[in-house]
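Dear colleague,

I am passing on the structure we spoke about, and below it you will find my notes on what was found. Please read them with the model open beside you.

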Amino acid sequence: MKRVEVIIDNQVLSVRQDIPLIQALREQGILLPSLCYHHLLGGYGSCGLCVVEIYTGAGWRPRHACLLQPEAGLQVKTNTPTVLRLRARAARLLLRRGPFPKKEVEELLGHLVQKGEKKCFEPDDKEAAARSRAGNPAPGCILCGLCVRICEKIRKSRLTFLGRGKNLQVSFVSAEEETAACGSCKACQRICPTGFIEPSAREAFTARLYK
């Protein structure tokens, strides 16, 4: 496998070139936060937590590490005020989709908020989060797409996205024959970062495609 030298936080590192930058950094012990990345499925860029800054001809620009491939000479900063602020903003948005069965998810997001903005949620933020949760058709789902992608990868294709913008949600694809029952493989349950898919995708996702 080919390796290239990149500059991470002013340190030269030799990393694999055939994997996303977030995975390459993790192999070097640099653990960027993420809820939508999985090494079997690649990058998706939906959670926004793995943001870093890279140097371009126009200066330093924020990018998602899960969507970047290592290139020779690539310069990356993983812990700047801009990076921490952007992660805090992404974490705030994700927190509004809770509560989450896995409490460690809220702990991670709360930590990123505090680290990026040096403060906890103010009362107004809590009220905004409550209003957002009240209108959320599937509280606990962060729309990371991991369940949809793993279901497609194993060629079952029982999950898909439905709607757009604020109405976007994961929906269950009904089968013509119940012999194609969903729930036995539990792939989506295992890969869900928040623990939302319980006891099965059929019960978790109330939206239906081909009812």
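**A hairpin, a buried serine and the cysteines**

Strand β6 (residues 159–162) and strand β7 (residues 169–173) run antiparallel and are joined by 4 bridges; please bear in mind throughout that this is a predicted model. Within this pairing, Thr-160 stands opposite Ser-171 in β7. The hairpin of β6 and β7 has 6 residues between the strands, and in this hairpin Gly-163 takes a positive phi near 90 degrees.

Further along, Ser-200 lies in the loop between α6 (187–191) and α7 (201–204). Is Ser-200 buried or exposed? Its relative accessibility is 9%, and Ser-200 therefore counts as buried, the cut-off for that class being under 20%. If neighbours within four places in sequence are left aside, Ser-200 is in contact with Gly-183 and Gln-189.

Cys-141, for its part, is in no disulfide, and the nearest cysteine sulfur, which belongs to Cys-147, is 6.2 Å away, whereas a disulfide would call for a pair of cysteine sulfur atoms within 2.5 Å. Cys-185 is likewise in no disulfide, with the nearest cysteine sulfur, that of Cys-188, 6.1 Å away. With regard to accessibility, Cys-141 is buried, because its relative accessible area is 9%, while Cys-185, at 27% relative accessibility, counts as partly exposed.

With kind regards

Conventions. Residues numbered from 1 in each chain as written. Predicted model: local features only at pLDDT ≥ 70, side-chain atom pairs only at ≥ 80, totals over all residues. Heavy atoms only, no water. Pairing = 2+ DSSP bridges. Helix = DSSP H or I, 4+ residues; strand = E, 2+ residues; numbered from the N terminus. Buried < 20%, exposed > 50% of the residue type's maximum accessible area, 1.4 Å probe, protein only. Contact = heavy atoms within 4.5 Å.
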